[in-house]
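Me: I would like to learn how to read a protein model, feature by feature. Can we take it step by step?

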Amino acid sequence: MSSYDVIVVGSGPGGYVCAIRCAQLGLKTACVEGRETLGGTCLNVGCIPSKALLHASHSLHEATHNFARMGLKGAAPKVDWQAMLAYKDDVIGQNTKGIEFLFRKNKVDWLKGWASIPAAGQVAIADQVHKAKAVVIATGSDSATIPGVEIDERIVVSSTGALELRKIPGKLLVIGAGVIGLELGSAYNRLGSDVTVIEFLDRIVPGVDGEAAKAFQRILKRQGLRFITGAAVQKVETTKTKAKATYKLRKSGEEAVLEADTVLVATGRRPFTQGLGLDSLGVNVSESGQILTDARYATSVHGIYAIGDCIDGPMLAHKAEDEGMAVAESLAGQAGHVNYGVIPSVIYTHPEVANVGETEESLKDKGRAYKAGKFSFMGNGRAKANFSSDGFVKLLADAETDRILGCHIIGPAAGDLIHEVCVAMEFGAAAEDLARTCHAHPTYSEAVREAALACGDGPIHA
Ligand code: NAD
């Protein structure tokens with residue numbers, strides 16, 4: 001039996017970051033992982049591999065749509081699917097090996113296997129029990145499906161199966177117009193699939209600012225994605241090679257059937273805590289299976305903490321990372337802190353969609369007076385040169401104090417641009433602070449400044 005200050009269960013972005021920070025702060029730390037490689041869903045079957053496919057498919061789009069416009073002539077590249085999957089696997093390998101290196105460098109022990117927690121202060125892997133003063137559960141989440149739809153990872157796939165399809169589907173049906181459905185749907189659309197997205201609600205990407213979501217849907221439609229909104233999928237039946245989905249239009253009650261080669265189920269994720277033994281431990285969980293914690297991530301059982309997708313809040317890798325750092329700092333006697341008001345979220349399509357803070361809808365709900373400064377990428381020289389002028393930046397600021405309350409960007413590199421607004425919000429900045437900050441020309445970030453100017457005397461290039 002080995003003894004540790006901290007054992008972290010799960011090596012996804014929440015778990016591995018927590019383990020490294022614990023070790024950096026002088027705590028003897030181990031991290032348990034049952035997969036063959038470290039990094040959890042994000043590195044193995046989520047964020048990282050999907051970004052490889054998004055990048056490859058976007059490169060193909062550039063080659064087939066924009067190269068000739070720039071005077072770059074020649075045969076357009078053809079897709080070698082097996083080679084593309086090998087590139088994706090190589091990217092995964094580099095990243096997961098990177099975490100192994102960081103563990104060695106920081107002296108974090110990797111305990112291989114699937115953990116259970118027989119009692120507070122103990123972590124069991126098969127018949128080996130390790131002792132720990134603190135146990136941090138960072139076991140993440142798993143794909144959720146809907147009644148009548150069974151995932152076989154062959155014809156009806158979750159995001160995991162969608163990242164290793166045997167071939168590019170002719171017809172892809174995506175259930176759920178959330179982040180996963182649209183990222184993977186648009187990647188396959190660019191690779192040649194005929195993509196239809198069925199969404200239960202009357203809009204796509206719930207939670208995203210309404211105006212940005214509408215613009216996003218228009219752009220995706222122009223790219224070739226088809227949307228059936230306000231429709232609930234009732235069932236999916238499969239044969240050896242095909243799927244048949246029955247859905248009901250919510251308003252009219254009318255039923256219809258769609259055939260596809262592949263169905264991607266992207267209807268959300270649920271906390272993954274199976275096998276830990278939470279019930280017998282007495283760890284309180286919510287009805288939806290989230291582990292309940294206090295503000296310092298302590299569960300109802302002394303010495304057991306939980307972070308990331310298996311607790312409340314947005315299921316985002318960077319939210320889990322921040323919680324991992326915060327709990328490590330608390331365990332080391334410091335003041336760990338996460339500002340949930342400033343957690344950006346990004347949809348990695350082309351163009352990207354990025355958000356932070358309040359939306360116009362949430363401000364209206366709160367009855368808060370605000371101003372919206374908007375600037376289109378049509379007025380940004382760099383975006384024009386790069387065929388990326390679709391989209392806009394919208395900055396929301398308090399009507400009276402000018403304090404920045406939120407930002408919504410749809411456009412080139414939106415996922416990077418959002419961070420200057422995050423920093424500004426962390427410092428309690430006003431829109432005028434951003435507007436008076438010199439931004440290099442020509443950059444996409446000038447559009448953020450112009451949106452800030454639009455909260456005041458007006459933008460220059462609109
Ligand atoms: P989601 O919650 O983002 O979207 C699910 C969508 O499915 C919703 O729009 C919902 O209305 C719809 N839906 C539910 N039931 C349906 C039905 N019966 N018929 C049709 N539509 C239905 O979920 P997701 O896209 O699966 O992603 C899961 C989680 O992973 C999310 O929390 C997401 O934020 C996270 N994630 C984030 C990123 C990123 O940050 N880029 C990438 C991937 C996943």
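Me: Is His461 buried or exposed?

Reply: Keep in mind that this is a predicted model. The cut-off for exposed is over 50% relative accessible area. His461 has 52%, so His461 is exposed.

Me: Where is His461 in the chain?

Reply: His461 lies in the segment after helix H14 (446-454). Look also at Glu450, 11 residues away along the chain. The C-alpha atoms of His461 and Glu450 are separated by 7.7 Å.

Me: Let us turn to helices. Which way do residues three or four places apart point in an α-helix?

Reply: They point the same way, because an α-helix has 3.6 residues a turn. Helix H6 covers residues 179-190, which is 12 residues. At 1.5 Å a residue, helix H6 should span 16 Å. The end C-alpha atoms are 17 Å apart, which agrees.

Me: How many residues of H6 are buried?

Reply: 10 of the 12, so H6 is mostly covered. Among the buried residues are Gly181, Leu182, Glu183 and Leu184. Tyr188, Asn189 and Arg190 are also on that list.

Me: How does the accessibility of Glu183 read, and that of Lys51?

Reply: Buried means under 20% relative accessible area. Glu183 has 7%, so Glu183 is buried. Lys51 has 25% and therefore counts as partly exposed.

Me: Which residue forms a salt bridge with Asp209?

Reply: Lys394 does, and the closest N and O atoms are 2.7 Å apart. This pair also links distant parts of the chain, 185 residues apart. Asp209 is in the loop between strand S10 (194-198) and helix H7 (210-223). Lys394 is in strand S21 (residues 392-398). Both Asp209 and Lys394 are buried.

Me: How far apart are the closest N and O atoms of Lys366 and Glu358?

Reply: They are 2.6 Å apart, and the two residues form a salt bridge. Salt bridges that share partners also build a network of Asp209, Glu211, Glu360, Lys374 and Lys394. Back to the Lys366 pair. Lys366 is exposed, because its relative accessible area is 54%. Glu358 is at 16%, so Glu358 counts as buried.

Me: What about charges on the surface? Which residues form a negative patch?

Reply: Glu150, Asp152, Glu153 and Glu164 form a negative surface patch. Take Glu164 as the example. Glu164 is in the loop between helix H5 (159-162) and strand S9 (171-175). With 52% relative accessibility, Glu164 counts as exposed.

Me: Which residues gather in a patch of positive charge?

Reply: Arg154, Arg166, Lys167 and Lys240 gather there, on the surface. Arg166 is placed in the loop between H5 and S9. Its relative accessibility is 65%, so Arg166 counts as exposed.

Me: Where is Tyr297, and what is its phi?

Reply: Tyr297 is in the loop between helix H8 (278-281) and strand S17 (304-306). Phi of Tyr297 is near 70 degrees, a positive value in a residue other than glycine. Tyr297 has 6% relative accessibility, so Tyr297 counts as buried.

Me: Is Asp402 buried or exposed?

Reply: At 13% relative accessibility, Asp402 counts as buried. Phi of Asp402 is positive, near 75 degrees. Asp402 is found in the loop between S21 and strand S22 (404-411).

Terms used
Residues numbered from 1 in each chain as written. Predicted model: local features only at pLDDT ≥ 70, side-chain atom pairs only at ≥ 80, totals over all residues. Heavy atoms only, no water. Helix = DSSP H or I, 4+ residues; strand = E, 2+ residues; numbered from the N terminus. Expected span 1.5 Å × (residues − 1). Buried < 20%, exposed > 50% of the residue type's maximum accessible area, 1.4 Å probe, protein only. Patch = residues over 30% accessible without salt bridge, like charges linked within 9 Å, V, L, I, M, F, W, Y side chains within 5 Å. Areas by Shrake-Rupley, 256 points an atom, 1.4 Å probe, with all protein chains shown as cover. Salt bridge = Lys/Arg side-chain N within 4 Å of Asp/Glu carboxyl O. Lys, Arg positive; Asp, Glu negative; His and termini not counted. Charge placed at Lys NZ, Arg CZ, Asp CG, Glu CD.
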